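Please read these points with the model open beside them.

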Amino acid sequence: MMNCYEATRLISESQERDLSVSEKVTLRVHILMCTGCKNFSVQIPFLGQAMRAFANYRSEDEDEGKE
Amino acid sequence: MSGSNAHNQLVDGIDTSDLSDTIFLKELRRQMVKFATLQLSNAEAAEDAVQEALMGAMKNAKSFAGHAALKTWVFAILRNKIADVLRQKQRLVEASNLLSDEEENEDFTELFNNKGYWHRDERPASWGNPHEALHQNQFWKIFEVCLEKLPGHQARVFMMKEFIELDAKEICTTVGISNTNLNVMLHRSRLRLRECLENTWFIKECAT
């Protein structure tokens with residue numbers, strides 16, 4: 001079975017490219033059995049979203065506070 | 001906490017005409033310079049890019065209602081400027097530099113055991129609804145700290161990918177690394193950034 005290090009590597013790469021069918025299957029099987037990697041797989045896309053939202057922070061809150 | 005409240009009050013108390021608001025501008029400039037320096041690894045080039053982006057913004061400052069809109073826009077200009085500079089300067093960083101940096105940081109045994117499975121106490125926990133964090137000032141301070149803790153090249157490559165949104169090919173040519181190297185670096189930066197956010201933000205959030 002695929003280990004967690006490998007699983008996190010594939011989860012990371014899925015942000016850059018489409019995984020192959022066999023990669024997807026092995027990853028899915030691993031995630032079914034591993035809560036840690038399941039959480040990881042949700043958190044990694046969030047890191048990207050957060051990075052893109054980075055520039056807008058603080059000023060957004062200030063403006064919300066004013067309204 | 002009281003520090004950030006004081007800051008907000010200070011900013012809120014000022015009649016904000018955006019680019020003439022010196023406190024806002026100072027803070028914006030600080031963030032821009034920090035970001036550009038990290039990306040270009042050259043203080044002078046970073047100052048130039050920030051200056052150009054701000055000058056571009058001055059021209060149309062009146063058409064922007066509120067700090068948020070202005071800031072988003074200024075950063076969009078800056079992002080384009082940086083992308084241009086990066087594209088012109090190929091092989092910005094010596095490939096050998098990157099590799100040695102990689103080797104130094106090879107060690108992930110603090111996260112995984114020798115079979116490659118998570119150590120029990122390093123296993124990623126549930127973050128609940130992480131998107132709520134995006135609206136909290138304190139979260140962004142922690143995010144910045146975690147980003148700064150990444151080894152230099154990892155932070156740059158991660159930001160190129162996720163913030164400047166260059167595609168993988170462009171990053172590889174610009175930095176002078178192979179696709180495999182890029183994947184390794186992105187994987188590592190995500191492992192580290194994730195762990196830092198979990199330890200300094202999300203675990204505490206869930207506990208309260």
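1. B:Trp140 and B:Phe143 are both buried. This is a predicted model, and the values below are computed from it. The two rings form an edge-to-face aromatic pair, with 5.4 Å from centre to centre and 75° between the planes. That angle is over 60 degrees, the cut-off for edge-to-face. Both residues belong to helix H6 of chain B, and because they are three residues apart, about one helical turn separates them. An α-helix has 3.6 residues a turn, so residues three or four places apart point the same way.

2. The pair belongs to a cluster. Ring pairs link B:Trp140 and B:Phe143 with A:Phe46, B:Trp127, B:Phe139, B:Trp201 and B:Phe202. Over all chains, the structure holds 13 aromatic pairs.

3. One charge-over-ring case deserves a look. B:Arg79 places its charged end over the ring of B:Phe163, at 5.1 Å from the ring centre.

4. Now helix H2 of chain A, residues 21–33. Its 13 residues span 19 Å from first C-alpha to last, close to the 18 Å expected at 1.5 Å a residue. Which residues of this helix are buried? They are A:Glu23, A:Leu27, A:His30 and A:Ile31. Viewed down the axis of H2(A), the buried residues fall within an arc of 95°, so they line one face of the helix. The cover over them includes helix H1 (4–13) and helix H3 (35–53) of chain A. On the other side of H2(A), the exposed residues are A:Val21, A:Ser22, A:Arg28, A:Leu32 and A:Met33.

5. Helix H2 of chain B covers residues 22–40. It has 19 residues and reaches 26 Å from first C-alpha to last, close to the 27 Å expected at 1.5 Å a residue. Its buried residues include B:Phe24, B:Leu25, B:Leu28, B:Met32, B:Val33, B:Phe35 and B:Leu40. B:Glu27, B:Gln31 and B:Gln39 are among the buried residues too. Just past the end of H2(B), B:Ser41 adopts a positive phi of about 40°.

6. Chain A overall. It contains four helices and zero strands, in the order α-α-α-α along the sequence. Of its 67 residues, 54% are buried. Among contacts in chain A with a separation of 6 or more, 53% join residues 24 or more positions apart. The accessible surface of chain A is about 3300 Å², and carbon and sulfur atoms hold 54% of that area.

7. Chain B overall. Here there are nine helices and zero strands, running α-α-α-α-α-α-α-α-α from the N terminus. Of the 208 residues in chain B, 48% are buried. Residues 24 or more positions apart supply 72% of the chain B contacts with a separation of 6 or more. The accessible surface of chain B is about 10500 Å², with 52% belonging to carbon and sulfur atoms.

Conventions: Residues are numbered from 1 along each chain as its sequence is written. Chains are lettered from A and ligands numbered from 1 in the order in which they are written. This is a predicted model: local features need pLDDT of at least 70, side-chain atom pairs count only at pLDDT 80 or more; totals for chains, interfaces and linings use all residues. Side-chain values use heavy atoms; hydrogens and water are left out. Helices (H or I, at least four residues) and strands (E, at least two) are DSSP runs, numbered from the N terminus. The expected span of a helix is 1.5 Å times one less than its number of residues. Buried means under 20% relative accessible area, exposed over 50%, partly exposed in between (1.4 Å probe, protein chains only). The arc is that of the directions from the helix axis to the C-beta atoms. Contact means heavy atoms within 4.5 Å. Rings of Phe, Tyr and Trp (its six-membered ring) pair if their centres lie within 6.5 Å; planes under 30 degrees apart count as stacked, over 60 as edge-to-face and the rest as tilted. A charge sits over a ring if NZ of Lys or CZ of Arg is within 6 Å of the ring centre and within 35 degrees of the ring normal. Accessible areas come from the Shrake-Rupley method with a 1.4 Å probe; for residues, only the protein chains shown count as cover.
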